[in-house]
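These are my notebook entries on one protein model. I wrote down what I looked up, entry by entry.

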Amino acid sequence: MNIVNELNLSFISKSTNESFARAAVSAFILCLDPTIAQLSDIKTAVSEAVTNCIVHAYPDTVGTIYINVKITDHNKVIVKVRDKGVGIENIEQAMEPLFTTSSQERAGLGFAVMQSFMDNIKVRSKVGTGTSVTMEKTLYHTNYDKR
């Protein structure tokens, strides 16, 4: 599997940037001619990952959110959303539906939503260092223009 295109993006953790992140990632993968459903799935997963960074990684401060998107020669989209925030103490617990550490009214469904819309999700985190969420989705009906 070879990387045929790649995007790197960073922005501050303000809620107004969540829609920008979703739009930037979706615009980048349009070259794969995804279905509306596939595009919606990826946009939703990116929204959830970025929102987690804004709400949980930087609860009392503004930090930087990093997004890396890769397109492979097998029509796989790999999206990595990373922060340098507070980190997650217990990843397994954090990924359980309805679990939240936020004092705000939050549903605790972010990771569950990401898992339901993507083919694979991997979460790595270290308390005090940050978290990275890597999500993958293969777009089966498309052929990337390798020109």
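I start with a term: contact, or touching, means heavy atoms within 4.5 Å. With that I looked up methionine 135, leaving out residues up to four places away in sequence. Methionine 135 touches Ala45, Val46, Ala49, Val77, Ile78, Val79, Val81, Met114, Met118, Asn120 and Ile121.

Some notes on the source. The model is predicted, so I kept its limits in mind: local features need pLDDT of at least 70, side-chain atom pairs count only at pLDDT 80 or more, and totals for chains, interfaces and linings use all residues. Residues are numbered from 1 along each chain as its sequence is written, and side-chain values use heavy atoms, with hydrogens and water left out.

**Entry: overall layout.** I looked up the elements, where helices (H or I, at least four residues) and strands (E, at least two) are DSSP runs numbered from the N terminus. The protein has 4 helices and 5 strands. From the N terminus on, their order is β-α-α-β-β-α-α-β-β. I then looked up burial: buried means under 20% relative accessible area, exposed over 50%, and partly exposed in between (1.4 Å probe, protein chains only). Of the 147 residues in the protein, 46% are buried. Among contacts with a separation of 6 or more, 66% come from residues 24 or more positions apart.

**Entry: the core.** A nonpolar core is a set of buried Ala, Val, Leu, Ile, Met, Phe, Trp, Tyr and Cys residues joined through side-chain atoms within 4.5 Å. Which residues have the most contacts inside the largest one? I found Val46, Val50, Ile67, Val69, Val79, Val81 and Met135, in a core of 35 residues. The elements giving two or more residues to this core are β1 (3–12), α1, α2, β2 (64–72), β3 (76–83), α4 (110–117), β4 (120–126) and β5 (130–138). Helix α2 gives the most, with 9 residues. In soluble globular proteins, nonpolar side chains tend to be buried together.

**Entry: two helices.** I looked up helix α1 (residues 17–29) and helix α2 (residues 36–57), whose axes come within 9 Å and cross at roughly 145 degrees. Axes are lines fitted to C-alpha atoms, for helices over the stretch in contact, and angles run from 0 to 180 degrees between N-to-C directions. From α1, the contact is made by Glu18, Ala21, Arg22, Val25, Ser26 and Ile29. From α2, Leu39, Ile42, Lys43, Val46, Ser47, Val50, Thr51 and Ile54 take part.

Entry: Asparagine 52 lies in helix α2. It is buried, because its relative accessible area is 19%. Asparagine 52 touches Ala57, Phe111 and Met114, not counting residues up to four places away in sequence. Valine 55 also lies in helix α2 and is buried at 17%. The C-alpha atoms of valine 55 and serine 15 are separated by 8.6 Å, although these residues are 40 apart along the chain.

**Entry: positive phi.** Most residues other than glycine have a negative phi, and most peptide bonds are trans. I noted aspartate 33, with phi near 55 degrees, in the loop between α1 and α2. Is aspartate 33 buried or exposed? Its relative accessible area is 54%, so aspartate 33 is exposed. Asparagine 75 has a positive phi of about 60 degrees and is found in the loop between β2 and β3. At 9% relative accessibility, asparagine 75 counts as buried.
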